[in-house]
Amino acid sequence: MDKVLCLGSHIDDLEIGSGGTLLKHRDAGDEITLAILKSDENLTGDQWKRMEEQETSCCILSARLLTFLSFAEIENIVMKLDEIKPTILYMPWPVDTHQDHSFAAKVGLAVSRNVYGTVLQYLTPTSHSYYPNYLSVIDWKAKKKLISVFKSQ
């Protein structure tokens, strides 16, 4: 069983970027932790509704949710995430026009120094210069169903 840690900036980023692969981890019985690092839900809709949608996603994925919604120092975030000791880490691609996605990638790179396993980066809608070197065959219908819980978006 693997310990999977998936990092993202905002609610639904993780599911959009790696939801199909996270479903495969769930089906394999892996332990999944999702970490939302810098949310701006107050700008994208009702923050309580958005959190409810994220919790629904976690139920589908059988995942634990960690949120760092206040502007915590990067050192404190990394220290908390290091406690998970993941064997697989997913994080956003660092070359991104959105500052929060770049921040999540920076946190991911810091956490990756203690990952003795696999470190992978995923695409977000604002990423650029992204050329994948690893692809995972996923169930698109299952991923669409997972993403559909984010009805407010």
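## Cysteines and a buried glutamate

At 62% relative accessibility, Cys59 counts as exposed. The model is predicted. The sulfur of Cys59 has its closest cysteine sulfur in Cys58, at 7.2 Å. A disulfide requires two cysteine sulfur atoms within 2.5 Å, so that distance is too far for a bond. Cys6 is buried, with a relative accessible area of 0%. How many disulfides does the model hold? The count comes to 0. Cys6 is in none; the nearest cysteine sulfur is that of Cys58, 10 Å away.

Now the glutamate. Glu15 sits in helix α1, which spans residues 13-27. The residue is buried yet has no salt bridge. Which side chain of opposite charge is nearest to Glu15? That is Arg50, 8.1 Å away. A salt bridge needs a side-chain nitrogen of Lys or Arg within 4 Å of a carboxyl oxygen of Asp or Glu.

The side chain of Glu15 does make polar contacts, to Gln54 and to Ser57. The table lists these side-chain pairs.

| Side-chain pair | Polar contact distance |
|---|---|
| Glu15 and Gln54 | 2.7 Å |
| Glu15 and Ser57 | 2.6 Å |

Methods: Residues are numbered from 1 along each chain as its sequence is written. This is a predicted model: local features need pLDDT of at least 70, side-chain atom pairs count only at pLDDT 80 or more; totals for chains, interfaces and linings use all residues. Side-chain values use heavy atoms; hydrogens and water are left out. Buried means under 20% relative accessible area, exposed over 50%, partly exposed in between (1.4 Å probe, protein chains only). Helices (H or I, at least four residues) and strands (E, at least two) are DSSP runs, numbered from the N terminus. Lys and Arg count as positive and Asp and Glu as negative; His and the chain ends are not counted. A polar contact is a pair of N or O atoms within 3.5 Å; within protein, one must be able to donate a hydrogen and the other to accept it, and residues adjacent in sequence count only if both atoms are side-chain atoms.
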